[in-house]
Amino acid sequence: MVECWENICRPGGFEITARAAELSGWQPGDRVLDLGCGTGASLHYLEEHMGLFMQGVEADASLCDAVKILYGDASTLPTEEESVDGILMECSFSRMEQPEQVLKECIRVLKPGGCLAVSDMIACGEEIIPEDFPHDAGTRAFLGRLEYAETVAARITRAGFRITAEENHTNALREMWGQAILDGGREAVCGELGCSWETIRRAKCGYYLWVCEKI
């Protein structure tokens, strides 16, 4: 399921990951946290290709190894104050139940001038919250809040960040989903997302990248 989800929700492969790191100005040796890192694909990519010192924080204990991927909640990070140069959140911020508290924790652990990079799905049509599309008991809904880009940006700036870059990567998401539909049909995509096609249609999903500096 994780592999399928990454195929559906990682538009552009690692291109947007690399773009986020570039815009953040991270340098070899910088310590960067990957929040909601899943199996750690981006984490390992950034270590190998950019020389970053990466560590993941993941709420699914089965994916953690207590060394590179720590078990934890992004709203209470297991990290010392002002100890990291950067934070990455890919397709995870929209699924965090306490977004304001998560951003508060990001402010706490980032060094002054440190950068937060967020890439995630947004709504271009109607804003949707998970309660609007209940899923079958025992099924994990991977689709989180679908908010307007302006709503997400407002959350970030209220938390104490200055947005230094904002990019629209919706075309990459549409290309990825188009291929997923060709491979498995709408039903397979909706099954992984934990929602109906009507929900996706109402939201008119887009994909954005924000790079934000702690001020």
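Helices (H or I, at least four residues) and strands (E, at least two) are DSSP runs, numbered from the N terminus. With those labels in hand, let's start the tour.

You are looking at a predicted model, where local features need pLDDT of at least 70, side-chain atom pairs count only at pLDDT 80 or more, and totals for chains, interfaces and linings use all residues. Residues are numbered from 1 along each chain as its sequence is written, and side-chain values use heavy atoms, leaving out hydrogens and water.

**Stop 1: a loop residue**

Select Ala 66, in the loop between strand E2 (53-58) and strand E3 (69-71). Its phi is positive, about 65 degrees, although Ala 66 is not a glycine. Is Ala 66 buried or exposed? With a relative accessible area of 65%, Ala 66 is exposed; buried means under 20% relative accessible area, exposed over 50%, and partly exposed in between (1.4 Å probe, protein chains only).

**Stop 2: another loop**

Now pick Cys 91, in the loop between strand E4 (84-90) and helix H4 (99-109). Cys 91 also is not a glycine, yet has a positive phi of about 55 degrees. Cys 91 is buried, at a relative accessible area of 5%.

**Stop 3: H2 against H3**

Show helix H2 (15-24) and helix H3 (41-50). Their axes (lines fitted to C-alpha atoms, for helices over the stretch in contact, with angles running from 0 to 180 degrees between N-to-C directions) come within 11 Å and cross at roughly 60 degrees. H2 and H3 are therefore oblique to each other: angles under 35 degrees count as roughly parallel, over 145 as roughly antiparallel, 65 to 115 as roughly perpendicular and the rest as oblique.

To see the contact (heavy atoms within 4.5 Å), select Thr 17, Ala 18 and Ala 21 of H2 with Ser 42, Tyr 45, Leu 46 and Met 50 of H3. Then zoom in on Thr 17, which is buried with a relative accessible area of 1%. Beyond residues up to four places away in sequence, Thr 17 touches Arg 10, Ser 42, Tyr 45, Leu 46 and Glu 90.

**Stop 4: the largest nonpolar core**

A nonpolar core is a set of buried Ala, Val, Leu, Ile, Met, Phe, Trp, Tyr and Cys residues joined through side-chain atoms within 4.5 Å. Which members of the largest one touch the most others? Select Trp 26 and Leu 146, out of 36 residues. Elements giving two or more residues to this core include H2, H3 and helix H6 (170-193), and H6 gives the most, with seven.
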